[in-house]
Amino acid sequence: MEALKNKAREWLDSRMVQLVIGYSQGSGDSVRAVFVHDPGQVETLLFDSRCRQNLAVYLLKPEVKKMGKAALVANLTTLRAVLQLAAENQIGEHDVLTLTVNPAGELLVLSTLEAIETYVAISAPDLSVEEKAELEKYEKLGMEERWQFWQEQFSRCLKCYACRAACPLCYCSRCTVECNQPQWIPVPAHDLGNLEWNVMRAMHLAGRCVNCGDCSRACPVNIPLYLLNQKLISDVFRNFNARSGMAAKAENTLSTFKPNDKEDFIR
Amino acid sequence: MSEFQPKIVAFVCNWCTYAGADLTGTSRMKYSPQVSIIRFPCTGRIDFMLLLKAFANGADGIIVSGCHPNDCHYTSGNFHARRRWILFRGLLDFMGIDTRRIEFSWISAAEGAKWAQLVNTTAENIRKLGPFANYEKLRHQGVS
Amino acid sequence: MKTGFYPGCSMKGSAREYSESLLAVAAALGRELPEIPDWNCCGATAAHNLNQDLSLALPARILAAAEKDGMDEVLVPCAACYSRLSVTRYELLQDEDLRQKISGLIETNYRGSAKVLNIIEWLTSIPDLETKIKAPFARRVACYYGCLLVRPAGILKFDRPEEPQSMDQLLKKIGATPLDWAFKTECCGAGFSVSRTDLVAKLSGLILDDAVARGAEAVIVACPMCHLNLDLRRPQIEKRAGKKINIPVIYITQALGLALGIAPKKLGLQRHTVAVKFSQSTEGAANVAQSSGSKTLPGEK
Amino acid sequence: MARIGVFICHCGENISATVDVQKVAAAAARIPGVAHSVDYKYMCSDPGQQMIKNAIKEKNLTGVVVAACSPRMHEPTFRRACAEAGLNPFLCEMANIREHCSWVHEKSDATTNKAIDLVRMMIEKVKKSKALLPIKVPVTKTALVLGGGIAGIQASLDIANTGHQVILVEKEPSIGGHMSQLSETFPTLDCSQCILTPRMVEVAQHPNITLYSYAELESLEGFIGNFKARIRKKARSLDEKLCTGCGLCIQKCPAKKIPSEFDANMGIRTAIYVPFPQAIPNKPVIDRGHCTYYLKGKCRLCEKICPTQAIRFDQEDEIIAVDVGAVVLATGFDIKHGDFFPEYGYGKYKDIIDGLQFERLASASGPTLGEIRRPSDGKIPETVVFVACAGSRDPAKGIEYCSKICCMYTAKHAMLYKHKVHEGKPYVFYMDIRAGGKMYEEFVRRAMEEDGVQYIRGRVSRIYERNGKLIVKGADTLLGARPMEIQADMVVLATAGVANAGAEELAQKVHISYDAYYFYSEAHPKLRPVETNTAGIFLAGACQAPKDIPESVAQASAAASKVAALFSQAELIREPLIAVVDRSAPPLYSTCVGCFLCQSSCPYQAIEKEEIRGRDGQLIKTVAKVNPGLCQGCGTCVALCRSKSIDIQGFSHEQVYSEVLALLNRRESDV
């Protein structure tokens with residue numbers, strides 16, 4: 001922990017970065033994102049198992065960009081988001097410095113995208129055993145049951161788009177829901193619009209999502225959106241042997257193909 | 001009340017399947033009139049959102065068809081489309097949307113007979129499945 | 001880096017001198033080679049002709065056991081076992097569905113993390129071997145690779161499947177002079193060792209002929225089956241050729257053992273059918289036990 | 001408010017027999033925005049087209065829907081008619097109520113209703129249609145041809161003869177390519193150089209051809225009609241204008257023992273050299289890697305001897321920038337060399353040679369003056385084994401394809417050997433004989449029957465030396481796969497034909513795609529065999545796949561005709577049915593966020609990066625831009641773009657969206 005603070009202080013002092021985006025104590029037992037500009041404030045920084053939020057989401061926000069070069073206190077999925085954003089030409093080699101703490105509790109300074117690539121290589125192939133198990137639970141349900149399940153979930157959707165705001169990869173300057181010529185997604189929060197919105201959201205993250213789970217955590221009505229993402233993550237891995245957020249130069253699953261991609265449903 | 005007549009929309013590419021369907025016509029093969037074709041330059045152009053829109057507007061079934069692999073007029077549009085379909089279909093299924101209502105197919109400009117047969121079997125399958133009741137419910141909740 | 005050891009059946013029986021020499025060498029080099037706990041038959045020669053699942057499940061179980069035991073790589077000295085284990089690992093890593101199916105069959109999740117090493121790879125991986133040589137094995141040798149070590153090329157990725165080199169390189173390191181000869185990977189009769197000794201006699205005979213013709217003092221092998229045919233079947237070979245053929249056939253580990261100054265007995269050199277004798281002419285040659293050696297077969301031990 | 005005209009065609013009885021056309025016309029008339037709706041017997045007839053033109057003028061229509069046959073049939077007809085009446089042709093659409101309706105359904109209400117659906121669908125589409133102007137791209141009428149082998153020579157001459165300028169770039173000191181190395185050519189056995197050299201001379205003398213030999217492409221930017229190429233002219237170390245090609249320097253050069261590339265290392269050359277006597281241009285090059293002066297700092301004999309003082313030791317590479325409108329790649333092929341066949345001792349035994357080396361042995365201008373003498377000791381070999389498919393069709397060697405030319409040249413080699421060494425015993429090991437071509441099969445038969453070449457169907461497993469002989473081990477699969485051994489004095493391997501070293505690099509330089517073997521990919525395997533997926537770049541010869549001379553020449557002429565067609569108009573005019581990335585007012589400038597996932601999805605490399613800069617010139621954002629010269633309008637990027645920032649003209653989001661809605665939402669008034 002001290003190492004983290006010292007490194008942050010060092011960087012701020014030396015003006016290597018103008019800003020450190022990290023975690024600090026929130027209300028109660030929660031942690032929250034903190035933006036440290038002044039070396040004096042580094043004491044508030046912390047990093048532990050509660051730090052799950054994907055802070056990469058802030059990197060592309062104009063107001064944050066204005067603050068100057070940022071250092072990011074990053075967990076594994078944050079690092080993967082950084083790589084994915086690099087792969088999508090949203091950040092360059094020198095736009096960000098990242099700090100992380102490895103499972104052994106040591107502070108790692110990952111100052112290049114390459115360094116991040118080497119580090120994230122430790123992450124699980126596609127989904128964890130538990131995640132796989134849960135996913136299979138739903139896949140095993142009958143079609144009608146799945147329909148009922150999701151209808152019930154979506155019936156709570158408010159179209160507040162918190163899932164979109166929390167997602168480090170939903171950075172479009174104009175989301176398709178804001179198109180009205182034509183109006184792809186109906187504005188009101190009725191079941192049809194909610195379904196279409198959620199299908200679109202999931203599809204737009206296909207082959208890109210780094211599985212941080214912030215969409216679900218942000219959802220005020222607790223829709224298990226992560227299930228949709230994980231379904232696609234496992235399909236992308238199984239069908240195309242691809243994983244997002246592992247390399248800064250990777251080509252995207254849906255913008256590439258293999259002539260021998262396998263499927264069993266096209267007649 | 002007469003027998004249920006499904007509404008089926010076919011999203012096809014201009015170079016292979018559309019031409020194949022033309023051949024069905026010139027060879028005077030007969031098929032069910034419940035299917036209407038919308039023409040696209042390439043399967044690569046077919047946006048999954050359009051399939052949702054078709055269901056939202058009362059389609060009971062959908063056909064998506066283009067050039068066979070390696071035959072694409074644009075060399076790789078159908079390969080890109082295939083990847084999208086693989087993921088999209090998996091997602092719909094996961095959400096409990098009956099993927100038996102979407103028929104994917106490769107039909108070349110020479111396969112007029114295959115087109116007729118595809119349309120008829122699809123129409124028959126959808127007729128068996130009946131109206132898309134689940135979606136019907138959603139639809140009543142508002143225009144789209 | 002933990003390296004496990006899979007003996008397989010022959011190392012415990014017909015080729016026990018191979019494992020004796022291997023373990024002796026390992027000890028001399030300060031390498032530990034723990035056996036894979038509760039290992040089973042690799043299914044070689046039979047399984048893959050009978051039942052594909054079985055032929056994959058048997059090696060998969062072995063490798064899974066190694067993984068469970070925390071082994072990063074597994075040394076498989078027997079070329080036949082090596083072939084089966086490597087092919088299995090390759091097949092299962094290629095095909096996720098198959099991997100899951102086989103994992104189900106062996107009731108363990110096989111991850112494929114443990115690498116499969118053949119004897120050549122293992123010895124090559126030992127840093128500055130040269131420096132550890134006490135008595136250079138200064139002999140003209142014919143390195144015989146056989147088939148299972150190098151094929152199928154696509155999977156095993158052996159240096160040059162049709163004209164392999166790495167064993168020759170190793171022999172150079174220990175002071176020998178590997179000869180350029182034509183039968184490095186020709187068939188020795190292999191599986192017919194028991195059923196068609198006449199074929200073995202013919203094929204193995206051709207191999208020995210070329211080795212002798214090029215002035216080799218010994219044939220070096222890395223496969224129990226090759227050894228069996230070239231050594232144990234020597235009487236049949238000689239009978240067919242109508243002449244005496246004295247060239248000894250020794251395992252690469254035995255040659256290395258001698259070079260490391262290990263006592264011949266420790267290397268099981270006395271167990272061969274063909275006495276391992278070298279004319280003292282070549283200087284620096286290791287002093288080798290003169291065994292008249294009718295080979296002690298398993299069972300009798 | 002839209003004013004759409006709807007025209008329902010009876011197509012004689014073809015449509016009206018099963019579709020109630022009056023009813024369709026009436027239903028269409030009731031659709032909002034339809035200002036005119038009629039039916040007629042033959043819309044495509046002159047009076048039919050006249051009806052449309054009149055209606056456009058009289059009712060000043062904003063759009064036209066013709067419900068008739070397939071647009072693949074008559075769309076151009078009706079769009080032209082509209083254009084003639086002053087309506088933008090892209091405001092005219094067709095509803096296919098014949099092939100897709102009247103011909104495939106029985107006469108019934110359902111059929112008529114479907115026709116109405118289709119018409120309604122196109123009406124709604126046309127409402128969303130926009131007037132489009134054809135794309136005009138200026139064309140620089142100069143062609144760049146890369147590679148001066150027979151394909152490049154043929155392409156250059158054909159283009160030059162249509163009156164257009166050609167820049168021919170050859171990396172070697174002379175043009176001629178592999179063909180100039182060949183002895184005789186199958187199936188006629190006429191001397192290769194005899195038929196090639198006149199063409200080479202023609203190139204040298206052609207007023208429309210600029211030849212840069214000993215030069216390579218440095219870079220290529222731009223797009224069809226508008227490429228900018230930079231050519232590196234490597235230092236020859238002499239002034240070409242002064243050099244007369246007298247050859248004195250070559251005679252006097254002390255460094256004489258350098259393996260000659262032209263002779264496939266079977267002969268030698270000097271450090272200052274021309275590859276072969278008939279070289280074009282006939283001007284030497286100093287090989288700085290071997291020249292005594294460059295190695296040791298002294299000699300300069302050539303400089304002293306040169307009557308015109310042409311030698312320039314300090315000469316440097318020169319970069320030449322040219323504007324070209326089209327590029328023809330004719331960079332040719334190579335054959336597998338070196339350590340590729342250890343089991344055959346290829347590269348280990350002197351007397352195991354490859355096909356090109358045999359060509360040099362057999363060539364009258366070769367190192368042995370055409371006598372078949374084996375490299376090791378110059379003896380005339382009594383037994384020669386020719387091995388076809390040495391690597392080709394062999395997955396284990398990573399070359400799964402057939403090299404195509406080997407069957408023929410192997411037969412030729414065996415024949416030539418037999419003609420030159422009457423007592424000689426030629427054997428050929430082969431898998432299959434592929435002699436598809438005019439007079440080809442007959443040629444192979446002649447080798448077997450008249451020249452008594454021993455053909456053995458089987459593969460060679462190993463070749464090794466035993467007391468002075470090359471032991472060739474193989475199997476004769478026609479005699480029960482009997483293993484066999486032949487004791488040969490020389491072995492000729494027909495090693496696989498492969499892409500040139502550097503083929504990949506060049507492909508990336510000019511942005512074209514290539515296959516797993518680095519052969520260049522044609523735009524369509526059947527219908528566009530000489531085009532690449534990058535508009536304006538064409539293929540000729542063996543850089544696309546192994547080919548023999550007639551094929552290479554044919555393809556070269558085909559490529560040339562493509563170039564000539566492109567150069568035939570003042571500017572390139574293309575249908576505007578292409579993708580466009582939106583642009584909007586500041587501060588957004590474009591809804592594109594520049595993720596560039598579209599870039600890799602484009603089969604035509606048509607998507608570029610555009611930097612949007614403020615007045616002060618500093619970068620605001622980088623967004624995608626579709627190059628109208630390259631886009632072919634497949635729309636793959638359109639469906640991929642998450643923010644819907646790319647749209648495609650003629651099949652726009654709004655158009656297809658309203659088609660879906662219109663098709664599915666029947667109006668009570670329709671039926």
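Okay, let's start in chain D, where the axes of helix H6 (residues 150-161) and helix H15 (residues 549-567) come within 8 Å and cross at roughly 35°. Before I go on: this is a predicted model, where local features need pLDDT of at least 70 and side-chain atom pairs count only at pLDDT 80 or more, while totals for chains, interfaces and linings use all residues. Residues are numbered from 1 along each chain as its sequence is written, with chains lettered from A and ligands numbered from 1 in the order in which they are written.

Quick terms. Helices are DSSP runs of H or I with at least four residues, strands are E runs of at least two, and both are numbered from the N terminus. Axes are lines fitted to C-alpha atoms, for helices over the stretch in contact, with angles from 0 to 180 degrees between N-to-C directions.

So which hand does the crossing of H6(D) and H15(D) have, left or right? It's right-handed, meaning the near helix is turned clockwise from the far one by less than a right angle. Among the residues that meet there are D:Ala151 and D:Ala155 in H6(D), and D:Ala556 and D:Val563 in H15(D); contact here is C-beta atoms, placed from the backbone, within 7 Å. That contact divides into 11 nonpolar, four polar and one charged. Nonpolar is Ala, Val, Leu, Ile, Met, Phe, Trp, Tyr, Cys and Pro; charged is Asp, Glu, Lys and Arg; the others, Gly among them, are polar.

Next, the sheet. Chain D has five strands in an open, parallel sheet, ordered S10-S7-S6-S18-S29. S10 (209-212) and S29 (537-539) of chain D stand at the edges with a single partner strand each, so one side of each has no neighbour in the sheet. The twist averages 20° from one strand to the next. Zooming in, S6 (residues 142-146) and S7 (residues 165-169) of chain D pair over five bridges, in the parallel sense; pairing takes at least two DSSP bridges. D:Val145 stands opposite D:Leu168 in S7(D).

Methods
Two residues are in contact if their C-beta atoms, placed from the backbone, lie within 7 Å.
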